[in-house]
Amino acid sequence: MATPKSPAKFRSWSSMDSIDPADIRRLYDPESSSKSSSVRCVSTWMFSLLILGSTVLFLIGLLVGYYVRESQNLDSDRTIGHCYYGERSDGFSKQQLESAHENIMYSLSSENINAVKSEFSFRRKLTSNSGWDENTVSFVKSEFTKYGLDKISVEEYDVVVTYPNPVQPNRLEVITSAGQVKLNLTFGSGQRSSVDKKKRGADDVEEMRKHLVEPYVAFAPSGTVQGALVYGHYGRMVDLVQVNKSGVTLKNKILILRLGKLAVTEKLALAAQWGAVGVLLYIDPADLGGTVDRVTSPDLQKFVPYVSAGGKVYTANPYGVSIVPAQTVSIETATFLMSSLIEPSAPASWNGGLNATYRLQGQHTVRLIVNNIKKVETVRNVVGVIEGDIEGDRNIMVGAARTGGSQTESMVSMGTINMLELARSIASIRRLEKWLPRRGIKFYSWGGAQFSHSGIEEYLKENRLIVQTKAVAYLDLDLYMRRSDSLRAPKMDVTTSHLLSTLVEKVSTVVPDAAFSELTIKDSLSLTVNEYRKSISATDYLHGNQGSLFLFQELGIPVFKSGFDLPGAMIKNGSLHDSEHHYRYHLAAARVMALVILNLVDENILPLDVAGFASSIDEAMIQTADLKDMSELIDNLVITSDVFLTTGKAFEVYIESLGPNKVPLEARRVNDALMMLDKVFLSPLINR
């Protein structure tokens with residue numbers, strides 16, 4: 001339970017309003033009314049009616065004149081007046097607007113990115129671990145101030161988190177039916193990843209070396225539980241149903257689950273719903289990809305990840321969930337545990353990369369002792385705002401975790417550095433060229449990434465309705481660099497809501513390619529646009545990035561995130577931060593992000609692909625047409641999706657027909673409809 005330290009106060013009514021009974025008597029008191037003379041009463045009502053009638057007539061005349069003038073303007077070719085909804089206060093033409101956007105894109109500089117990173121590194125050397133986050137918050141706030149952002153604030157929340165008990169560490173035991181102890185493992189600093197640079201064999205090891213953390217599941221409850229071990233694949237609902245159909249009950253069992261595909265919180269919640277008493281989590285080598293040397297590295301085999309089970313699970317239970325004690329284990333330990341399982345065999349598709357036969361149920365008793373202790377931590381968000389000129393109540397949210405997802409992250413994230421550079425560039429062009437953005441931009445430096453993105457969670461908990469009604473989209477600036485041994489050349493990877501995919505394709509025809517500046521990203525065929533789905537990769541747990549897009553998507557807000565997949569040959573000294581390539585890949589991704597933001601900011605009609613969105617739903621319905629025992633329901637859904645597809649195409653034709661001289665507020669009504677699309681299909685009823 002988190003408590004805002006300085007909650008914002010929102011007022012719907014004036015502080016002068018009152019519901020004091022004395023005021024009600026003052027407005028109407030039967031006794032005093034009866035004492036008044038009838039003449040005075042009639043004259044008072046007559047006077048009031050005259051005033052009211054005059055006011056109504058004035059308003060009618062004003063409205064009639066307003067709409068007559070609008071009709072005349074629509075029938076003429078005159079320039080739209082300043083009072084029109086589509087008029088820009090800065091007087092920029094379409095060409096001037098495109099020029100300003102291009103200047104913002106090209107003013108993004110890898111030299112500036114490197115300079116900010118160096119500044120953070122210098123500050124880190126002078127700051128203790130306990131004061132690092134507060135120092136970082138101060139620096140981000142000072143940079144926003146230096147850039148000239150319109151509003152800057154720091155929001156603080158007290159969040160109850162969990163840590164391993166240093167006196168009584170978590171433990172795992174495996175005991176045979178004869179009472180023999182087959183495994184007695186104590187979790188603690190001994191499981192931290194500590195690697196000799198000269199002996200490391202993969203970039204993952206270097207990443208783990210940076211994040212020396214206690215191996216545990218944050219927010220998991222304490223307790224001692226025991227039971228037979230059951231393999232449940234990723235712990236999704238479909239997986240647990242499959243286990244149950246195989247004749248293996250889950251009640252009073254301990255599940256061993258692969259990380260990935262599903263948030264840890266949901267894995268533990270589903271396990272509790274099925275009657276399991278505890279969960280063990282591991283990274284399966286099959287989910288990592290890469291070379292054999294990479295996944296069989298001794299350091300990777302012994303690595304025990306830190307994960308977080310905090311956060312609200314909107315889809316399972318909007319009012320909170322019950323979860324079970326849990327602990328992460330290494331690949332080495334998972335191999336031992338999986339080798340102890342007996343019949344029945346797991347489905348063939350459940351086999352992974354462990355050196356063991358994948359079966360479902362174990363023959364030994366597994367005892368898990370979790371001794372996590374609670375502690376209150378202060379989580380801080382830094383918010384910087386560039387206000388919109390015409391649609392000041394609409395904004396594009398741009399965010400980045402201030403540090404990575406590890407519990408004791410010692411360096412600021414590249415996402416924060418990229419965000420500062422983007423804010424600097426936009427604010428600079430606004431000042432130099434007198435450009436006024438149509439809609440606002442809000443920059444968020446999120447705290448609490450290591451605790452299930454608690455900074456985002458707390459912000460959305462307090463501002464959910466405001467975000468749903470005012471946010472056009474959320475763009476995550478944590479630009480990632482991933483190793484892919486199957487690639488021969490770098491490839492930009494974009495994950496976005498379907499409504500934004502066409503816009504991404506459009507801006508990719510303008511942004512120079514990272515490796516070949518004479519080509520655009522689109523020309524070099526280095527771009528892949530993926531529709532966002534709530535799925536978490538196992539590799540995320542190696543680098544401390546467990547994703548936050550779903551927190552916004554589940555509120556019905558279009559989301560966007562980008563990064564680069566780099567060939568293994570390009571990774572040197574374990575670096576995934578692009579420093580050895582002068583940050584040109586981060587820069588290319590940031591430029592795509594910048595143009596997406598600017599198009600969302602300045603287009604009169606929001607550039608959201610309605611027809612494409614409708615087509616994707618129609619295709620999904622067609623793919624389900626062959627489901628057994630549901631033909632009637634599917635037929636009805638297909639018919640409905642066909643209607644939606646036709647309507648979506650007609651809606652885009654209608655938008656095109658509006659032309660430059662739109663009826664005042666016509667664009668506003670269109671944009672209102674566009675912003676509702678994702679909410680209708682994705683946002684749970686509790687969030688609408």
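Predicted model: local features only at pLDDT ≥ 70, side-chain atom pairs only at ≥ 80, totals over all residues.
Strand 19 spans residues 559-567 and is mostly covered. Of its 9 residues, 9 are buried. Val559, Lys561, Gly563, Asp565 and Pro567 point one way from the strand. Phe560, Ser562, Phe564 and Leu566 point the other way. Both sets are buried, including the charged residues Lys561 and Asp565. Strand 19 pairs with strand 16 (residues 471-484) through 8 bridges, and these two strands run parallel. In this pairing, Arg482 stands opposite Asp565. Strand 19 also pairs with strand 17 (residues 491-496), through 6 bridges. Here the direction is antiparallel.

The largest nonpolar core has 79 residues. Phe144, Phe443 and Leu600 have the most contacts inside this core. Helix 17 (residues 584-602) gives the most to it, with 14 residues. Residues come from both domain 1 (94-158 + 375-602) and domain 3 (610-681), so the core lies between these domains. Beyond its neighbours up to four places away in sequence, Phe144 touches Leu149, Ile152, Val382, Val383, Gly384, Met419, Leu420, Ala423 and Phe443. One of these partners, Phe443, is itself among the residues with the most contacts inside the core. Another core, of 55 residues, lies apart from the largest one. Among its members are Leu183, Val225, Val279 and Leu300.

Thr335 has its place in helix 12 (residues 331-339). Its relative accessible area is 16%, so Thr335 is buried, the cut-off being under 20%. The Thr335 side chain reaches the backbone oxygen of Ile331 at 2.8 Å. Leaving aside residues up to four places away in sequence, Thr335 touches Leu354, Asn355 and Ala356.

The salt bridge count comes to 26. One of them joins Glu143 and Lys146, with the closest N and O atoms 3.2 Å apart. Both residues lie in helix 6 (residues 132-147). They are 3 residues apart, about one turn of the helix. Glu143 counts as buried, at 9% relative accessibility. Lys146, at 58%, counts as exposed.

A salt bridge also forms between Lys522 and Glu505, where the closest N and O atoms are 2.5 Å apart. Lys522 lies in the loop between helix 15 (498-507) and strand 18 (527-531), and Glu505 lies in helix 15, so the pair ties together parts that are 17 residues apart in sequence. Lys522 is partly exposed, with a relative accessible area of 36%. Glu505 counts as partly exposed as well, at 30% relative accessibility.

Arg668 forms a salt bridge with Asp672. Their closest N and O atoms are 3.9 Å apart. The two residues lie in helix 20 (residues 666-682), 4 residues apart, about one turn of the helix. Arg668 is buried, with a relative accessible area of 18%. Asp672 is partly exposed, with a value of 30%. Both belong to a network of salt bridges that also links Glu391, Asp393, Arg394, Arg438 and Arg439.

Notes:
Residues numbered from 1 in each chain as written. Heavy atoms only, no water. Buried < 20%, exposed > 50% of the residue type's maximum accessible area, 1.4 Å probe, protein only. Pairing = 2+ DSSP bridges. Core = buried A, V, L, I, M, F, W, Y, C linked by side-chain atoms within 4.5 Å. Domains from an automatic or database assignment. Contact = heavy atoms within 4.5 Å. Polar contact = N/O pair within 3.5 Å; in protein donor to acceptor, adjacent residues only side chain to side chain. Salt bridge = Lys/Arg side-chain N within 4 Å of Asp/Glu carboxyl O.
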